[in-house]
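Welcome, and thanks for taking a look at this one. Here is a short briefing on its charged side-chain pairs.

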Amino acid sequence: MRPGALPLAILLGCTGKPGGESATDTSGGPGVEAPPCELSHPWPMDTVGDVAVAGSAAYPNPARLILLDGNALAGARTAASEGDPCPTLTESEDGRTSTISGDCTTGWGSVYGGTATFAEVNGTFASTYDHFHFEDGLNPYGYDVDGAWLDTGGEVRYDLTLTMLGQWMATGAPDVTAVVHTVVAWYAGSQGIVDGYVDIVSQPTSGATGDLCVSGNLDLSDSCEAEDTAALTLWGSTPATVTWNGFSSCDGCADVTIDGVDAGSYCPP
């Protein structure tokens, strides 16, 4: 059982900005589809690095959020059992709903801030955050997150402002803050499709910001934490694709095309 869940009504049903047309012409060359969501400030897609940042932020890997939610909750339960006042933990009588709150550091160095509620109802899990911050004192991972995400078992929906912290590689989008409105639909095991809208509001490599659409096919790799196997189509200032090959390489590198032209590979520094 993973932590998560609140009523479904807390999540937005749409996957992008309304209208279905871009405020800026980003349709690209012949045969390239126009962006499926409206873009007010298209993310630059000039270099393979631009595309890699966009692809990393395009959808949050659910396995990483499950890990962070679980570690945050496990740490709170451990603190409660040991009489550590950090953080405050409130649980329902049936154990299906847990709320963590506080701005503090545990005795073993885990940092908490804001509030998070995790719940499960009839196999549906959701996590809801109010400016929640968690840095795991036992692992080099963490997140800063506001909003909610939902896992029904057959579909995952995100409505988050998210910064992944720590030693995440390519698909973890380390220190990139993005507003994510995404639906990930799973159709067979670890395979699925992704559709959504992302607004990158800050990232560490430059002052560039902007929004983009994302659509693609996923195949989550259990054997590689550095990356998934994913083929994503991205629409920003121009269309682009990014493909990771987690089953074969596990090096965080991605093959990139920009406006239909092979732009080479990107590997994280």
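A residue counts as buried under 20% relative accessible area and as exposed over 50%, with partly exposed in between. Keep that scale in mind while browsing this predicted model. A search of the whole structure turns up three salt bridges, and each is taken in turn below.

**Helix 2 to strand 1**
- Glu91 and Arg77 join their side chains in a salt bridge, at 2.7 Å from N to O.
- This pair links distant parts of the chain, with Arg77 in helix 2 (residues 62-81) and Glu91 in strand 1 (residues 88-91), 14 residues apart.
- Glu91 has 37% relative accessibility, so it counts as partly exposed.
- Arg77 is also partly exposed, and its relative accessible area is 37%.

**Strand 4 to a loop**
- A salt bridge brings together the side chains of Glu120 and Arg96, with an N to O distance of 2.2 Å.
- Here too the pair links distant parts of the chain: Glu120 belongs to strand 4 (residues 111-121), Arg96 is placed in the loop between strand 1 and strand 2, and 24 residues separate them.
- Glu120 counts as buried because its relative accessibility is 7%, under the 20% cut-off.
- Arg96, at 38% relative accessibility, counts as partly exposed.

**Arg157 and Glu155**
- The side chains of Arg157 and Glu155 meet in a salt bridge of 2.8 Å, N to O.
- Arg157 is partly exposed, with 23% relative accessibility.
- Glu155 is partly exposed as well, with a relative accessible area of 25%.

Key:
Residues are numbered from 1 along each chain as its sequence is written. This is a predicted model: local features need pLDDT of at least 70, side-chain atom pairs count only at pLDDT 80 or more; totals for chains, interfaces and linings use all residues. Side-chain values use heavy atoms; hydrogens and water are left out. A salt bridge is a side-chain nitrogen of Lys or Arg within 4 Å of a carboxyl oxygen of Asp or Glu. Helices (H or I, at least four residues) and strands (E, at least two) are DSSP runs, numbered from the N terminus. Buried means under 20% relative accessible area, exposed over 50%, partly exposed in between (1.4 Å probe, protein chains only).
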